[in-house]
Amino acid sequence: MLFHSIQFMVFLPAVFLLYWAVAGHAALRKWVLLLASAVFYMAWNPLPFLIVLYCATADYLLARWMSKTTDPGRRKWLVTVSVVSNLGVLGFFKYANFFYETAATLGGWIGVRIVYHHLDILLPIGLSFVVFQTLSYTIDVYRGDCEARKSWVDVCLFISFFPQIIAGPIVRASWFMPQLDRPASLTEIDGAAALLRIAKGLVKKLLIADLLAANLVDRVFANPGHYTSMEIWAGVFSYTLQIYYDFSAYSDIAIGAAALFGYEISENFNRPYKARDLTEFWKRWHISLSTWLRDYLYIPLGGNRGSKLLTLRNVMITMVLGGIWHGASWRMALWGAVHGVGLCLTRLVWWRFGPPKHPPWWRVSLSWLATFLAVMFARVFFRAESMTLASKIFRGLVPDGLWQAPNVTPRVMAVIAVATILHFGPSDLYTRVSTVFVRLPIPVRAGLLLVIAVVIKNVANFEAQPFIYFQF
Amino acid sequence: MSFLKRHATGATLLFFILAVVGLSAAPVPEWLRPLDDFAKEDPFGAFLASVFTRPESVPRPSQGYVAGGGAEAIAEEDQYVDYDSESDPDEDQVELAPHHDRVEVGGRTPTAQGLGLDDQASTATAGAARPSKWTPPERKAYDFWAKRLGLRVPPIVRPCRTPAGPGPCRERALDHFFSRLSDAELGRGEPVRIVHYGDSLIASDKISDMVRRRLQERFGSGGKGFLMIKKFNSFQRGYRTGDGSGGWRLDVITQRVLRDRYFGYSGASFTAQNAGEETTFRRLGRSQVAEVYYLKDRKGGRLEVLADKTVLGEINTRTNAATSEAMKARFTIPPGTTEFKLRAVDYGPRLFGVVLEADQPGVVYESIGLPGATSRVWNEPDREDFERQLGLRDPALVIVMLGGNDGLMLSKERTTTERIEADLDAFVGRIQEASAKTDCLLVSPLEAVRKKGSQFIPKPEVLEVIELERRVAERRGCAFWDMHAAMGGEGSLAKWVKSDLMLPDLIHPRNRGSNLLGEMMSEAIMDAYDEHRARAGEGS
């Protein structure tokens with residue numbers, strides 16, 4: 001079920017009504033949310049939900065065993081089984097073809113003939129998020145950061161909670177599980193803020209991300225040869241905006257929807273394109289993933305506790321694997337590697353000269369520009385459907401002497417301008433709007449939401465597009 | 001009040017829902033209605049249908065980013081396929097010739113002939129209006145939409161091709177094509193080749209696929225016809241191109257900068273950038289003959305031709321001659337072959353495509369569409385080269401369905417009607433120069449609109465393009481079919497959009513919209529054919 005579909009607009013109030021009708025009964029309200037999550041997920045395809053249940057059940061049992069033993073060896077063995085089980089599921093459903101094709105290619109290089117036939121394996125929606133989330137449960141239990149839950153429903157709900165099952169934010173067990181034990185409550189202010197947050201997400205998705213995608217980005221990336229270099233620059237810049245507004249819109253709706261049931265989900269974005277270096281960028285972009293990778297991959301690899309060379313190695317491994325997490329292709333690995341190299345260079349500069357303490361404005365500006373351009377260019381690998389198309393885009397960025405962009409219509413330019421201003425404008429604008437909104441009388445609030453719905457209906461594309469991160 | 005305070009969020013939601021439903025059902029302008037369903041006859045039924053419709057856009061297994069919309073989505077997103085439009089009508093009918101040979105044909109244009117005795121004889125036979133074994137197929141989806149949208153299929157306009165004078169017209173546009181069709185219906189004669197030129201609407205081969213399907217149901221299939229070397233944009237269908245390796249350089253006439261003018265009659269060429277580059281054609285169906293269209297020039301190289309693992313021969317596309325020349329090499333495909341493959345032995349072979357034919361009576365329908373194509377770009381290929389290749393194909397009918405992109409350019413004031421008319425006239429002139437026996441049919445573009453709020457404002461430029469196409473057809477003795485009128489004329493696109501027959505770009509129809517257009521076009525052709533047979537019968 002898509003957040004911006006009519007189905008979800010009916011589903012959410014219905015679940016809201018049912019949940020708060022039984023909110024006084026702790027077990028019942030969890031069952032309501034679990035069943036609602038199952039319906040939400042199975043609206044796309046019912047069978048993959050069995051995989052979600054398998055992951056949840058396996059980790060529930062393993063965590064229970066872990067909690068019953070103090071033997072470090074046995075606990076390590078159990079957490080290893082959990083890691084292998086979850087990564088096995090991910091490896092089979094997401095990476096089987098990738099491994100197979102890579103083996104065939106490598107075999108060809110060394111003279112071993114492996115015939116590659118594409119395996120028709122369905123990738124369950126949101127599987128990467130499910131696996132990372134469920135892994136965080138057993139690892140947190142292993143580390144003692146979280147207690148093993150006695151209730152199977154708690155674990156299943158943590159993994160399949162519908163606001164974030166498809167595309168995050170990736171919630172930690174140590175953060176979410178304690179919320180299940182609290183009495184259900186929703187204040188007027190929190191409820192109003194949640195509704196506004198959902199509306200904000202819909203506006204970002206339907207009035208910015210989708211408009212940029214349908215009117216410029218998709219066309220430029222499909223046939224770069226048909227566009228002038230100015231149009232390709234506009235297309236790549238627009239994609240940089242589109243992916244932020246698309247993904248952060250999803251996070252907004254997820255956070256708002258969860259808040260309607262009294263649950264708090266961590267923030268996922270903090271104006272990432274304001275970053276002045278790549279390290280700061282990853283502290284602002286897809287925060288739940290970058291902190292997950294830091295805590296469950298980078299630090300276990302050794303983090304920055306070893307030599308400088310080992311630190312750089314760990315950064316590269318983390319970023320390349322992070323790239324492949326986004327998509328089973330070497331192109332995505334390359335995208336991760338580009339970021340890894342950028343992070344390594346940043347560290348090398350800091351090791352040599354120290355982090356800048358009070359840099360002059362021009363140096364800050366240059367640093368910001370270099371970071372933004374690096375992120376923007378790396379996105380070409382992320383978006384282009386093949387390396388050939390990516391190279392065409394890069395060639396297209398070279399000025400061709402045609403200083404015109406007839407395909408960048410005034411409407412697209414307006415959307416780009418609004419998106420840019422909103423991103424780089426005053427950071428407390430939304431907070432101020434939200435503060436006013438939650439104080440308004442109930443009918444006025446409802447009226448404003450209605451106005452937003454009418455504006456979306458009239459300005460958005462006729463047909464919305466799925467969220468970009470759904471495929472991961 | 002305290003109840004509201006305690007249930008403030010629920011109350012806000014309730015007020016919001018009531019306001020949405022109330023406003024949607026109220027007699028207010030359409031743009032003010034949050035939900036369109038409540039303005040329909042059965043509002044709650046329509047709303048429930050919307051709610052319980054499965055989500056259309058679902059992600060596919062990913063190898064990295066897959067576009068959520070745009071061209072990729074245009075090509076593949078539509079789940080409401082009324083027909084199995086990916087199936088290949090030739091698939092299950094494998095009857096292959098027992099021998100193979102190879103003939104290289106020089107670049108000579110076949111002699112253009114008028115209607116000779118044979119042609120007249122066949123016309124006379126066909127004109128006897130024999131009862132046909134063909135019965136019109138059941139078309140539930142088409143009937144449903146035609147009734148719902150109130151569609152009427154306008155007739156094909158067929159100008160008289162003989163000089164004006166007393167008495168009835170002796171020869172109309174399409175007469176020759178229809179006599180060839182008539183032969184095919186009787187199970188005799190050569191394959192009846194139809195070449196359908198166009199833009200992205202034809203590149204996707206959806207409208208044309210339906211026309212092909214209907215014609216082949218009645219007149220038999222003569223094979224797949226011309227296929228490009230590899231798929232180069234997401235509009236195209238895999239089974240209408242070869243499965244090419246990654247090192248083929250594409251040159252296409254819609255590119256902004258062209259390296260030369262050698263594009264054959266398909267507007268695209270593929271040059272092997274490395275030795276070992278290959279392309280494979282599968283699902284050969286009833287194909288018995290393969291023709292490789294290539295450029296013989298100084299930069300060429302050798303090309304190996306294989307049927308499964310059997311080498312059928314080698315083509316040397318290199319020449320020391322100063323001029324480049326479009327050529328074709330013909331091969332017979334051995335029985336039981338599952339793959340027809342071309343492999344570059346050296347760097348450099350430049351190919352246009354491969355023809356797969358059954359060498360038996362029936363319709364061969366080639367769709368040659370290039371996304372973004374205008375009337376101008378089809379004049380880009382070298383004239384002699386284009387005419388030679390088209391002459392070698394010897395089509396009975398060439399359909400030209402352009403104008404959509406011309407209209408767009410016109411609306412942006414980047415061209416003029418005079419320019420478009422001159423370009424289209426020149427392109428039709430090229431076709432007629434290639435083969436005097438070839439009939440031509442011009443098909444109008446679809447309606448184009450711009451969206452203002454929830455309103456669809458028809459673009460007047462489309463009507464200008466349609467009128468200039470009528471003039472070119474009249475002047476050149478070509479038939480003309482108004483697809484814009486078939487859709488319902490000016491203002492009809494809004495209905496198509498509301499019936500979910502168009503993609504969100506408002507330019508390309510969904511599969512079911514394309515099928516509908518294809519059904520109407522094939523019906524118009526069949527009606528004109530039946531009328532031709534009836535007239536010929538009266539005359540005999």
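Predicted model: local features only at pLDDT ≥ 70, side-chain atom pairs only at ≥ 80, totals over all residues.
Colleague: What percentage of the accessible surface of chain B belongs to carbon and sulfur atoms?

Modeller: The accessible surface of chain B comes to about 22,300 Å², by the Shrake-Rupley method with a 1.4 Å probe, where for residues only the protein chains shown count as cover. Residues are numbered from 1 along each chain as its sequence is written, with chains lettered from A and ligands numbered from 1 in the order in which they are written. The part belonging to carbon and sulfur atoms is 51%.

Colleague: At what angle do the axes of helices H14 and H15 of chain A cross?

Modeller: Helices are DSSP runs (H or I, at least four residues; strands are E, at least two), numbered from the N terminus, and the axes of H14 (residues 361–383) and H15 (residues 387–397) of chain A come within 8 Å. Phe377(A), Val380(A) and Phe381(A) of H14(A) make the contact (heavy atoms within 4.5 Å) with residues of H15(A) including Met387(A) and Phe394(A). With axes as lines fitted to C-alpha atoms over the stretch in contact, and angles running from 0 to 180 degrees between N-to-C directions, the crossing is at roughly 145°.

Colleague: Which residue forms a salt bridge with Glu188(A)?

Modeller: A salt bridge is a side-chain nitrogen of Lys or Arg within 4 Å of a carboxyl oxygen of Asp or Glu, and here the closest N and O atoms are 2.6 Å apart. Glu188(A) lies in helix H8 and its partner in helix H18 of chain A, so the pair ties together parts that are 257 residues apart in sequence. Glu188(A) is buried (under 20% relative accessible area; exposed is over 50%, partly exposed in between, with a 1.4 Å probe and protein chains only) at 18%. The partner, buried with a relative accessible area of 0%, is Arg445(A).

Colleague: Is Asp423(B) buried or exposed?

Modeller: Asp423(B) meets Arg419(B) in a salt bridge of 3.3 Å, N to O, and the two are separated by about one helical turn because they stand four residues apart in helix H12 (residues 417–434) of chain B. Arg419(B), at 44% relative accessibility, counts as partly exposed. Asp423(B), with a relative accessible area of 13%, is buried.

Key
Heavy atoms only, no water.
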